[in-house]
Amino acid sequence: MPLDLPKPTEWAIPLFILCILIEIAYGYKTGRAVFEKKDTFTSMVMGLGSTIVSASLAGITIVTAYWVWENFRLFDLGATIPVFLAALVLDDFRYYWIHRFGHRIRWMWAAHVIHHSSQHYNLTTALRQTWTSPLTPGFLLAFPLYIIGFEPAIVFFVSGLNLIYQFWIHTEAIDRMPRWFEAVFNTPSHHRVHHATNPKYLDSNYAGIFIIWDKMFGTFIPEDKSLPCRYGLVQDLGTYNPLKVATHEWVGIFKDMWHAKGIKNKLMFLLAPPGWTPDGSRLTSDMIKARDLKYNPVKTPKS
Amino acid sequence: MLEIVSLLAIIALAYLTGWLFPNRLQLTEERVRRNFLRCYPDQQIAEIFIDDEGRTALLRLQNEQSVGLVLQPSDRIVCRMLTIPVQFDISPTDGALIIKVHDYVVPDVRFSIGNIAPDRLEEMLRAGHDNKGGQYAT
Ligand SMILES: [Zn+2]
Ligand SMILES: [Zn+2]
């Protein structure tokens with residue numbers, strides 16, 4: 001009999017709405033948070049759609065996870081507090097990698113790009129979630145947790161907490177948290193950098209809760225006060241149509257694969273980083289960083 | 001039912017933000033230039049045409065095989081460089097050009113040409129297209 005745990009994201013919704021209203025009031029008074037009508041609508045509709053997709057697929061997700069756990073688990077870990085804490089940390093480690101792959105493999109970017117498609121950065125951006133992650137292989141990254149022996153209900157629970165944690169960091173209203181907090185946890189400052197399209201900031205700060213993963217794996221970039229974050233995509237969307245926002249990268253992949261010559265190129269359009277083309281006619285994030293260095297060389301201090 | 005209530009709440013919240021954060025920004029030459037060069041730093045802008053509503057700009061580039069397009073669909077800016085692989089069609093209507101970009105996430109653009117001589121625009125828009133056999137649909 002699966003553990004019956006609450007769904008953190010469901011009981012957090014009233015809190016989300018309250019926080020958004022507070023941020024709107026704060027932004028109106030101080031100008032330190034900016035909203036736009038169409039952008040707000042699209043972000044929140046993406047969030048609603050995402051919950052509908054997750055709810056529709058909950059049955060198959062649960063059955064698959066329990067099948068793996070019941071047939072392949074190495075240990076019986078039970079459901080004690082230390083197990084919940086270990087699950088929270090390991091699930092965050094899983095999140096780091098799924099998120100990193102989500103930026104570096106176009107197949108997974110097709111689902112994750114939705115979260116980055118707003119040119120604004122406020123609490124509604126946190127709700128701009130994908131509708132299409134079930135079409136990617138990302139779910140496989142949870143399997144090691146079930147195989148170690150974490151019961152799926154515990155993994156779902158801590159993943160929900162992880163998502164809730166990531167809500168409050170989508171704001172410009174908070175500048176920096178205390179130093180010790182910034183050192184260990186993901187914060188608005190770290191996550192602003194993650195959402196920024198400034199070449200220097202691309203492909204960094206993939207953390208969910210703990211920023212230590214980025215520091216361990218070389219993807220941490222601190223926010224530079226002299227380089228304000230500019231949000232969105234390197235090629236921003238001209239539309240607010242939620243259906244187009246949800247599907248645009250899939251359409252792009254399909255067109256590219258359709259026209260590509262040879263199986264290798266077709267696969268590369270799916271598996272290579274976004275922006276890859278056989279002839280280099282588009283730019284990957286690495287190429288954008290290199291181009292930026294050409295136009296804005298790093299100034300080394302005079303000796 | 002819950003979905004309908006959520007949707008109504010979302011619409012209400014969106015209208016609230018529209019009311020509290022009215023969008024009065026219009027395109028200016030400076031904003032167009034700065035944003036286009038942010039997206040395409042290796043391009044050189046020869047001339048900028050901004051439409052009467054201040055929502056769309058067309059850019060003549062030194063590289064005559066390409067045209068710059070800068071849009072402001074809300075309060076933020078979107079840039080495209082329309083080169084030969086990224087094609088577009090143009091059809092004139094009453095005092096405006098309708099630019100249909102072959103890009104899934106760029107809706108058709110209405111470019112009001114009030115005080116811009118249409119032949120100058122046409123000349124520029126043709127420059128990138130003539131070499132590929134009449135894509136310019138007028
Ligand atoms: Zn991301
Ligand atoms: Zn985010």
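Modeller: Buried means under 20% relative accessible area. Keep in mind that this is a predicted model.

Colleague: OK. Are H103(A) and H112(A) buried or exposed?

Modeller: H103(A) is buried, and H112(A) is buried too.

Colleague: Where is the zinc ion (ligand 2) relative to the zinc ion (ligand 1)?

Modeller: The two ions are separated by 5.8 Å.

Colleague: New topic. Which residues of helix α13 of chain A are buried?

Modeller: That helix covers residues 285–295, and its buried residues are S285(A), I288(A) and R291(A). They fall within an arc of 115° seen down the axis of α13(A), so they line one face of the helix.

Colleague: Why would residues three or four places apart point the same way?

Modeller: Because an α-helix has 3.6 residues a turn.

Colleague: And what covers the buried residues of α13(A)?

Modeller: The cover includes α3 (81–104) of chain A and α2 (29–39) of chain B.

Colleague: Now cysteines. How many disulfides are there over all chains?

Modeller: The count is 0. A disulfide needs two cysteine sulfur atoms within 2.5 Å.

Colleague: What about C229(A)?

Modeller: Its closest cysteine sulfur is also in C39(B), 16 Å away, so too far for a bond. C229(A) is buried as well, with a relative accessible area of 14%.

Key. Residues numbered from 1 in each chain as written. Chains lettered and ligands numbered in written order. Predicted model: local features only at pLDDT ≥ 70, side-chain atom pairs only at ≥ 80, totals over all residues. Heavy atoms only, no water. Buried < 20%, exposed > 50% of the residue type's maximum accessible area, 1.4 Å probe, protein only. Helix = DSSP H or I, 4+ residues; strand = E, 2+ residues; numbered from the N terminus. Arc of directions from axis to C-beta. Contact = heavy atoms within 4.5 Å. Donors = N, O, S within 2.8 Å, 3.2 Å for Na, K, Ca; no water.
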